[in-house]
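Subject: Structure handover

Hello,

Here is the structure I promised to pass on. My notes on it follow below.

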Amino acid sequence: MAHIIWCGNKNWDDVSNGNQLWDKEISEKNIPEKAVFLDRPADIVKASVPYMIVPCIICFAAVLIKKELSDVFIFNVWFMPLSFLIGLIAAMPLHELFHAVCYPKGERVYIGVSIKQLRAFAASAAAMSRERYILMSLAPSALGVIPLVIFLACPITMKWLITICVVPMFMGLISPAPDYMDVILLLKKVPKGATVQPLKNGLVWYE
């Protein structure tokens with residue numbers, strides 16, 4: 001398992017200033033001259049918005065299906081604050097932890113949150129195969145898939161559990177939108193078996 005290091009709450013400007021521990025570790029990497037820079041959008045969050053559409057449709061469809069199967073209100077509003085709390089945790093620190101556990105054994109992965117900016121991060125100097133990088137990118141979507149399955153399978157008599165699952169379902173499937181975008185880029189532009197290496201300003205790949 002990777003060596004996961006919790007960095008706590010950090011200002012996002014500090015996270016991305018290029019002077020963090022993982023940046024120093026990246027600078028010590030011996031990257032082949034033939035490495036190809038992966039062209040990603042400058043504003044990743046903005047560019048990933050279209051990748052939120054399908055997850056949103058899936059979640060709203062699940063709510064409509066559940067509603068159609070019942071002739072009563074399907075939520076217990078008393079449990080909605082807990083649902084939001086769990087959804088926020090799923091979309092931030094747990095999301096990054098699910099990324100981190102996919103890194104190769106012994107590699108250092110730094111995770112933390114930027115509460116003021118409502119963002120979180122998982123950063124590492126580790127190189128990975130394209131296939132492992134895709135797995136790492138998609139891993140946090142499990143935080144949406146699991147509550148989605150529970151939401152659909154749960155009997156209407158357990159409104160409290162249905163309610164608890166609804167926000168994590170949405171947040172867990174929507175928050176990986178930038179990761180979905182990366183996966184599409186990797187599938188389109190990086191050949192099978194290639195190695196993906198993070199830099200201070202993006203990703204490169206080489207064979």
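A nonpolar core, as used here, is a set of buried Ala, Val, Leu, Ile, Met, Phe, Trp, Tyr and Cys residues joined through side-chain atoms within 4.5 Å. Buried means under 20% relative accessible area, exposed means over 50%, and partly exposed is in between (1.4 Å probe, protein chains only).

This is a predicted model, in which local features need pLDDT of at least 70 and side-chain atom pairs count only at pLDDT 80 or more, while totals for chains, interfaces and linings use all residues. Residues are numbered from 1 along each chain as its sequence is written, and side-chain values use heavy atoms, with hydrogens and water left out.

Overall

The chain has 207 residues, and 43% of them count as buried. Its secondary structure comes to 10 helices and 7 strands; helices (H or I, at least four residues) and strands (E, at least two) are DSSP runs, numbered from the N terminus. The C-alpha trace spans about 65 × 35 × 30 Å along its principal axes. Contact means heavy atoms within 4.5 Å. Of the contacts in the chain with a separation of 6 or more, 78% are between residues 24 or more positions apart.

The cores

The largest nonpolar core holds 20 residues, and those touching the most other members are Y103, V109, Y133, M136, L186 and V190. At least two residues of this core come from each of β3 (108-114), α7 (130-138), α10 (177-189) and β7 (202-206). The most, 3 residues, are given by α7. Apart from this core lies another, of 17 residues, including A62, V167, L173 and I174.

Beyond its neighbours within four places in sequence, V190 is in contact with L38, R130, L185 and W205.

Helix α9 (residues 159-174) has 16 residues and reaches 23 Å from first C-alpha to last, close to the 22 Å expected at 1.5 Å a residue. The expected span is 1.5 Å times one less than the number of residues in the helix. Of the 16 residues in α9, 12 are buried, among them I162, C165, M169 and F170. Its buried residues pack against α4 (53-68), α5 (80-91), α8 (142-153) and α10.

Helix α10 has 13 residues and reaches 18 Å from its first C-alpha to its last, close to the 18 Å expected.

Single residues

Where does H95 lie, and is H95 buried or exposed? H95 lies in helix α6 (residues 93-100) and counts as buried, at 4% relative accessibility. Setting aside neighbours within four places in sequence, H95 is in contact with I89, A90, P140, L143, S175, P176 and D179.

V204 lies in strand β7 and is buried, with a relative accessible area of 6%. V204 and V36 are 168 residues apart along the chain, yet their C-alpha atoms are separated by 5.2 Å. Among the contacts of V204 outside four places in sequence are I31, F37, T195 and L199.

One backbone angle should be noted. Most residues other than glycine have a negative phi. L118 is not a glycine but has a positive phi of about 55°. L118 sits in the loop between β3 and β4 (119-124) and is exposed, with a relative accessible area of 58%.

Regards
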